[in-house]
Every structure is written in C-alpha cells, then in structure tokens.
There are 2 protein chains.
Amino acid sequence: MENTTPRQRARLETEAQITRIGNRMVDEDGVDGLSLRAVARELGVVSSAVYRYVKSRDELLTILIRDAFTQIAEEVDAALAEDRSVPSLALSMLDWSRRYPNRWALIYGTPVPDYEAPRQETVVPGTRVMVALTQLIAEASTPPMATSAPSSAEPSRTAQALGPLREGLEELGIDADDAVIMRTLTVWVAIIGAVNGLRFGQFGPGFDDVEADLVRALIADLGA
Amino acid sequence: MENTTPRQRARLETEAQITRIGNRMVDEDGVDGLSLRAVARELGVVSSAVYRYVKSRDELLTILIRDAFTQIAEEVDAALAEDRSVPSLALSMLDWSRRYPNRWALIYGTPVPDYEAPRQETVVPGTRVMVALTQLIAEASTPPMATSAPSSAEPSRTAQALGPLREGLEELGIDADDAVIMRTLTVWVAIIGAVNGLRFGQFGPGFDDVEADLVRALIADLGA
DNA sequence: CACAAAACAAGAGCAGTGCTCACTATTGTT
DNA sequence: AACAATAGTGAGCACTGCTCTTGTTTTGTG
C-alpha cells in the first residue's frame, strides 16, 4: 500500500529543494536575487529543466510568499500560546522580521510588480495573524460597552468604511462588531507600519538595540 | 552676464527630460519598469549615451526618490495651509498615494535592493512630512501636562527607545519632548501602515470608495 | 518481457537588462 | 583655423526569464 512511487518522491524532494534554495536566495539578496537560472545552476541542472517543477518565477514567488505567511503565523501562534497579549503578538512579529527581513519585505512590503498573488492560494495563510489579533482584541473588549462614547458623530460612514474588512472576516468565520474591527485595524496598521519603518530604515539609524522597546512603547501608547 | 551657456541649457533640459521620462516609467510600470535603455530609446539616442547624464540607474532612482519626497511634502504643506490638522495631513498623503501609487511605493515601500539612498541627498526632503506632523502634534499638546498619567511604569526604556528619533529631530532643529515624539511616532506609523495596506492591497478588495473614510476613522480612533 | 507513454533533461535561441570601452562627431573657446 | 571639452555611436560582456526542439531515462502496462 505504498502510495508514493520513487518518482513522486524524487519530484517532491526536488520541489522542496527548489523552495529551499529560493528561500535562501531571498534571504541573501532579496526578492530580486531570486533567479531561476541560479536555482538551476545550484541544482546542477540546465536552466530550462527547472521549468518542469515550477511554471515560472512568479509561481515560485507565490510558493515562497505562502511559506513566509505560514511561518510567521506559526511563530505568532507559538508566542500567543505562552503569553496571550497584543505586545506578545507584536514582538513576535518584530522578532521574525529581524531574522528574516527579506521575507518580511516579501509579504508586507511593496508587492512584486506585474504579479498578483492568487488570492485563493495566499488569503488564508496571509490573514492568520490579523485574525489572531482580531480575536485578541475581541477578548479584551468587554461586550456590553461596545461602541465607545466619543467620535460617534458619523457612525454610518465608519461602519461603511469597515465593510470590506467585516466581510473578509465573515468569510473566515469571524463575527466581530465594528468597535473591535476598528480597534484591530488601528493596532494592526500601527504594528505593520512600525516594523516596516524599522526594517526599511525609514526612521534612520540607531534603532537596532531599542526596537523591541519602541514597539512596546507604541503598543502602550495605543492603549492596547 | 549670461551665466548659462546654450550647452549648459541643453544639458539641463536633457536631464529634466530624463527625470520626466523616468517618473513616467515608474508611474506606468513601477520601479522595475525603469530602464535606462528604454529612456535612451525614448530620447532617440543610443543606450550608452544616457550614461553621460546619469551615472547609473541607481542614481536616476535617487533623483526620482528625492522628487517624490519633495512632491508629497509640497502637497501636504498646501493641505495644511488650508486646514492645519492631523486628518488633513493624513488625507493629503492618502490622496497623493492614490494618484501616484508607484511613487508612493518608491518612498514608503520596500527599499530598492542593493541600493542605499544617500542620506545626505534624501534625508531632508524625506523627513519633511514627518517633521510637519511632529509640529502639528506639538501644537495640539498642552505643554504643562506633558507626560501622560498611565503607562509611566518604565520611563527610561521608552525614553531610550525614542532616542534616535529625538536626535534626528534635533539635527533638523526640532526640539520636542518625549510625549510629543511618542505620539507622533504612533500616528505616523498608523498612517503609513494604513496607506501601505490600502495601496498594496493587503486588506483585500473593496476599499476603493471608502479609503478616505477609513483613514478618517483611523485618526479618530487614535484620538488625534 | 517488450514497448509505448510519460517524465526529465539538454541545449540552442529570443528578447530584454545594466554597464563599459574605444571610437567618432559635434560644439565652443582660444 | 587649431584644439579641447562634450555628446553620441556601436560593439560587447554578463546576466535575466522563458520557449522550443531534441534526446534520454524511467515507468506502467499489454
């Protein structure tokens, strides 16, 4: 009852090796350093041969992107298992971004031009962390006092603006009220913005030793 | 007493044309669509000739980045002249990002690989908007009640984390206290994170008509 | 076991990139 | 008119993604 022939095994092994090499290339030289020709070279094979395994460079990119999303989600989940809090989530993201800056850029930086990630392939892994944050915020918010007192001047505009997000969450089986969604969005964009700023050097130099403290202070300032 | 010879005039004109073409190429095809060979083609000249005007593709990129920083800063300044408020700043950034998404990506997205923007060339234009935000926040914060009551458990850690930012501001002649810097950072990363998310499609589809409302709601939620 | 079918690999080739180098026009100044 | 600075040429190198044709190897099946 062996349902994997040696051929299939070899194929899977080669595919795994390609993504391994691809990940290493992204880690070393960024997304622009990802070259199928170089992969072929490293595999000891002629360039056209790798097209047996991946349809195009973009397809390999999709694989790497999905991998990266999954990897950071696993790490965040692990961190939350030990300390279920917003700082824990943010700091584990920051930590991952420090270890894999180019993979971070791959998923949270400028999208690769002319390349649209197939939503069905990446939406679920790509939203795991944000979903986790939503649930965290939902737990922390006391259900009764849902709508906050101030800034209730234009509720419909805000509610409408949050529409697409709410729908996205519903598709994933999450049912959060607008206050939670709003809060989640705020915290989320702040975290992503902060880590991007640090990773991309937009705040200038000198942050290397204080990154975690900065993120901690940010979360505190957000009141989360 | 003409201090510009026709030759110099021609040179400047050509340089201006190159950056014009370069900007257009970035607008149309993103940073990867920027090709010196294509620029040469459009100039009706052989490819190596453009190297008389720009030392390398990276140098042209630096020019375009400086341009983009300057352009968005001008627009923000104009918006603030009419309505001096944080939403005004954020919404004018958002608006600019919608009109020039690829230029936005150029300055606030993933940095171009292997390319380090010469700080001296880009630091001043690159920080104008953030400086404007700092001053806005400083004006709004009542000087006496500087340090906010809560989250004063670890003041030195936060102060130290904000150190590099404070130094950067001092170099630009700005002298803000830590509470203002902290608040500025929070609002800044939230704005950048939100616009990036919208521009890069990280929130999924369906936001086109509600982007401004979303940013407004975000600023409101931040209490700015 | 023999054989067709499927999978894999090779190698040449196309169109494009950044960049360099030696060489020739063109232009402005002495 | 002679000379030097500047502008432009065209060939060439090393690289990219990707395709197509040819040959080889492995595999499942009659």
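This is a predicted model: local features need pLDDT of at least 70, side-chain atom pairs count only at pLDDT 80 or more; totals for chains, interfaces and linings use all residues.
Residues are numbered from 1 along each chain as its sequence is written, chains are lettered from A and ligands numbered from 1 in the order in which they are written, and side-chain values use heavy atoms, with hydrogens and water left out.

DNA strand C is surrounded by 20 residues (near: a heavy atom within 4 Å), the closest being R11(A), S48(A), R52(A), Y53(A) and R37(B). Of the atoms of DNA strand C within 4 Å of the protein, 54% belong to sugar and phosphate. Phosphate oxygens lie 2.7 Å from a side-chain N or O atom of R11(A) and 2.7 Å from a polar side-chain atom of Y53(A).

Between the protein chains, 45 residues of chain A are in contact with 44 of chain B (heavy atoms within 4.5 Å). The two chains bury about 3,700 Å² between them, 65% of it on carbon and sulfur atoms; buried area is the accessible area (1.4 Å probe) lost on being put together, summed over both parts. The interface has 4 salt bridges (a side-chain nitrogen of Lys or Arg within 4 Å of a carboxyl oxygen of Asp or Glu). D213(B) pairs with R157(A) in a salt bridge, with the closest N and O atoms 3.0 Å apart. Helix 9 of chain A provides the largest share of the side of chain A that touches chain B, 10 residues.

How values were computed:
A polar contact is a pair of N or O atoms within 3.5 Å; within protein, one must be able to donate a hydrogen and the other to accept it, and residues adjacent in sequence count only if both atoms are side-chain atoms. Helices (H or I, at least four residues) and strands (E, at least two) are DSSP runs, numbered from the N terminus.
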